[in-house]
Each structure stands twice: as structure tokens, then as C-alpha cells.
Amino acid sequence: MRDVSIIGIGQTKVGEHWNRSLRDLAVDAILAALSDASLERAKALYVGNMLGGALSGQQHLGALIADYAGLRGIEALSIEAACASGGAAVRQGYIAVASGLLDSVIVCGVEKMTEEVGSNTTAALAMAGDAEYEVIHGPSFVSLNALLMRRYMHENGLKREDFSGFSVNAHRNAANNPNAMFQRAIKPEVFNRSRMISDPISLMDSSPIADGAAALVLVPTELARKFTDAPVRIAASAVSTDSVALHDRRDLLFLAAAYRSARDAYQQADIGPQDIDLFELHDAFTIMSALSLEACGYAERGKGVDLARDGEISLTGRIPISAMGGLKARGNPVGATGVYQIVEVVQQLRGQAGENQLPDCRLGMAQNIGGTGATVITHIMETSS
Amino acid sequence: MRLSANWRHRRQRLALTGEECKVCGARLFPPRDVCPHCHEPAYEPFEFGGRGEVYSYSTVYQPPAGYEESAPYTMALIKLEEGPIVTAQLTDMDSDEVRIGMPVEMVTRKLREEGEDGLIVYGYKFRPVLQSVSQR
């Protein structure tokens, strides 16, 4: 198996791109990544996307986007794992290069969520759950996460205000990210009086519906220096799954797939959680941040929120998260999110994160979660200097 | 309009019929033919009693398309007396009355309508346990 490195990154601003379609956004990100990699073409394109069929009436994204990006002829296909589609596409690109089969792969995560009215987008997102035994009963995807949050608050004696630190941290960091959807800090009071979407989840617990695309170029590490002086090595790539339906979990408040995928990633990189300088976790909802920190070894069960309260997740804390705004404030174009996370880790590892640059950032972890924890994909990236 | 899908699930939606694993004894809802506990085949039907308690809940203010008519409504995880947890709506009560641990029972209600020419889908919801006169 070959070692794999990232030699190019690209991203569009996350937001409501009414004037740009699904394919336009993807092409913008791909061309930016190819230019960053000083590459004209790659052997294959893997597209991460969840909702193209439901919201844009468009499947078959591999060939379509390859053609529109000027890459007609290359191997191309799309990959779906709900909100983990982006991370899943990166994983497939990694496998293709690591196996020795392909010498260069473009991975693009893209999502176009503002194409339809809100209730249709809500219904499409619910497809991440179990259609026959969850979704038929009328839950939104938000409400499935709210069931987790309510139980977590009940078992740990918490109030919803105890989760505000996650949202405040994300917004503070997004203020310095020109690609973020919400480039402004918020006060805890804004969180506390935010309106309910599905109680106890409020607007400020929840990542926003958004459009966006991000892309990476992967090559074998042995070839990476031909293209760039600052390749970023993928030190680990690991996936684990759990039941799609919440009601089928062994232990509702433990993200077993996040635990297994992080554990496997730490093993591959031969490190422990304490060695990670930056953790781009899947903060689709504040409860997911708390559960992810617990599953990945940063907090005892029920204590994930303490890290937010104590400032441990800030840029100067013990384990910085959502350094460029996270899903909450950079925005969450679902199928693109897993690629954005890795693009942002690469920015930090290259020292290109601007105002939010972490000092001495050498190891960064990105964890992309599909559904309420059914697919969890963890990548660890490392500076190669 | 998923005609056969709604027909196929009638025993689950209307009678909470799941399965029992003859190898490890686990009671399963929904039915899934392979026991998730011991990974042996599980085909024996098992009818649940329909009683349980609220394990978690959330009131939905922004419903998905097709459910706007009944919003706001309360989604819940119900822990059945026999063990499994099911996802369902609560009914016949106000959302501010719901508490974790509250005893509830299954009833049959309309889940959704699919417009003028579409199906009306019925299935289980849960309501607070009604006390009979003799229990008072």
C-alpha cells in the first residue's frame, strides 16, 4: 500500500448561491484545487453528494461534473453516505491512490440545498434516517438529534444553555474565515434566547442549510514533492458504521462508530488523542459536538459540554475544534462538509489559516458523521516537513 | 405513493408485530430477520403489548413536507415493556405535559395524507396510559 498526500485544495464560500447551480459550485472548487496543485487533469474524480437527486433532480454527478470541469473522459462517480458523503468520497480517493491503481484523484464534495422550499429540504435531509421506521412518523433530521440531546440533558442534569459554548466558539472562529456563511461572533445571550426548531434544539444549536463545494487533489506521497513544497500527508483513514435508526442503538448516548473510527485512525497514525493539535469534528448540532468529543477520547461520558464551558475547544485551548467556524458557522452543505473539514485542516497544517492560524499545528483530525451517527469517517492529516 | 410498501408494513404499523430470536431470546422491533444481538436468523413473529414509557421526546416546529398539517407535534422514543425502543409520535396530550419516564400506550392514528388522490397512511402513535374505572 502507498502513502497518500494532499497536494491541492479548493473551496467556494458557503452560503445561499442562488445564481450558481450544483455543477457550477463543484466546478469552481475543482478548478481551484487543480490550480492549487499545479495540475491540469487527474486520473479520476470522486464526487461526494447527498441531495442532488432529491433537491436538484440530478443524479449521475460523476460524469456531469467531470464534463463541466473540462475533464470529459476521466473515470468519475458519486458517493453517498448521507451527511458523511464528503468524507466517504475522500476515503474512496484515498483507497484508489493507496492501492496503487491511480496516481492522481480529485475529490469534490458538493451540495445545493437552497434549490427547494424549506419543508422539501427538511424532508430530503430526513432521508439520512430510517425511512420505514423513523421517517414515516414525521421526524425532521433536527428532531432525531433533539431526541439525543433531550436524553443527554436528562441523564446528565444539564440545561440547554450549557451547550452555548460550542456555538459561541464556532461563530467567533468563523468571523475570520472569508469562506464562512456567518462571519460574525455571537454572545451567549443570543444562543440562550434563540428560537426552537425542534426542542431542545434551537436555531443556534443547529448548523445552517447552505450551498457549497470543496475539493482536494490526492497523489502518492512519493510523487507529491513534484507538485508542491508543502504536501500534507494522510496519516490515517478509517470508517465505522452503526445502526441508521436511533432506536436500534445499543447505547443511545455513545457514538460507537465515532469511537471505533477514531480508535482505528489513532492506531494507523500511531498516536493518541492527546497528540492531535486540531479536531474538525461534526458539529451539525451542539449535542453532536459533545458526543464526538466523548467518543474520541477528549472527555468522559456526559462531560463533553464541560470542554466548551471551560474554553478547552477554543483556538488556544487543549483541543481546538471548528477552527474555521465548523458546520455551525462556516455552514453545512451536507455532502460537501466532509471535504470542507479536510480542506480547513490542510489550511492549518500549511500555515494558511490567517487570523485563526494555530501555532505549531502538525497533526489535524477531521471526523465526518452521516445521519445521527450511523457512518463515521475519520481522517488524520500531518505536515510532511 | 408507495402502495405496496404501506400494505407490506400493516402488521408492524397496526399491531406492533416484531420478531423473537429463538436463539438468544431477544425481542426485536422492527423485525429484521437477522438478530442484531447474536447474528442468528430470527423469523418468529412476536406481537408487542403496546405499553411502554417515554425515553426521549422533541416537539417539531419545522416539519418535513407532508407533515405540516399536524405541526407542531411531538416525536418520541418509546421504550416498550418488552425491551426495544420505537420511534413514534405522541398523541392525545399537550407537548408541555410530556416527561421522560411517562407511561404510554399504543393507539392507531393517521400518520400522513398524500394529498387529494393519494393514500392516507395509518400507524402507531402513543398516548398517556388511560386508567380504567376499577383502577382509580
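Axes are lines fitted to C-alpha atoms, for helices over the stretch in contact, and angles run from 0 to 180 degrees between N-to-C directions. Helices (H or I, at least four residues) and strands (E, at least two) are DSSP runs, numbered from the N terminus. This is a predicted model, in which local features need pLDDT of at least 70 and side-chain atom pairs count only at pLDDT 80 or more, while totals for chains, interfaces and linings use all residues. Residues are numbered from 1 along each chain as its sequence is written, and chains are lettered from A and ligands numbered from 1 in the order in which they are written.

**Stop 1: two crossing helices of chain A**

Select helix H6 (residues 141-156) and helix H11 (residues 286-295) of chain A; their axes come within 9 Å and cross at roughly 65°. The crossing of H6(A) and H11(A) is left-handed, a term for the near helix being turned anticlockwise from the far one by less than a right angle. On H6(A), display Asn145(A), Leu148(A), Met149(A) and Tyr152(A), which make the contact with Ile287(A), Met288(A) and Ala290(A) of H11(A). Here two residues are in contact if their C-beta atoms, placed from the backbone, lie within 7 Å. By class, this contact has six nonpolar residues, one polar residue and no charged residues. Ala, Val, Leu, Ile, Met, Phe, Trp, Tyr, Cys and Pro count as nonpolar, Asp, Glu, Lys and Arg as charged, and the others, Gly among them, as polar.

**Stop 2: the side of chain A that touches chain B**

Next, show both chains. The contact takes 27 residues from chain A and 30 residues from chain B. On chain A, helix H5 (118-125), H6 and strand E5 (196-198) each give two or more residues. H6(A) gives the most, with six residues. The chain A side divides into eleven nonpolar, ten polar and six charged residues.

Now select H5(A). Its buried residues are Thr121(A), Thr122(A), Ala123(A), Ala124(A) and Leu125(A); a residue is buried if 20 or more other C-beta atoms lie within 10 Å of its own, these atoms being placed from the backbone. What covers them includes helix H2 (52-56) and H6 of chain A.

**Stop 3: the sheet of chain B**

In chain B, three strands form an open sheet in the order E2-E1-E3, with antiparallel pairing. Strand E2 (27-28) and strand E3 (44-47) of chain B stand at the edges, each with a single partner strand, so one side of each is left without a neighbour in the sheet. Strand E1 (residues 17-20) of chain B pairs with E3(B) over four bridges; two strands pair if DSSP finds at least two bridges between them.

**Stop 4: strand E8 of chain A**

Return to chain A and select strand E8 (residues 232-241), where eight of the ten residues are buried. Two bridges join strand E1 (residues 4-11) of chain A to E8(A) in an antiparallel arrangement, and Ile6(A) stands opposite Val232(A). E8(A) also pairs in the antiparallel sense with strand E11 (residues 375-383) of chain A, over nine bridges. In E11(A), Ile377(A) is the bridge partner of Val239(A).

**Stop 5: Gln348(A)**

Finally, select Gln348(A) in helix H14 (residues 334-350) of chain A. Gln348(A) counts as buried because 24 C-beta neighbours lie inside 10 Å. Leaving aside neighbours within four places in sequence, the contacts of Gln348(A) include Leu278(A), Ala323(A) and Cys361(A).

Technical notes. Buried ≥ 20, exposed ≤ 12 C-beta atoms within 10 Å, placed from the backbone.
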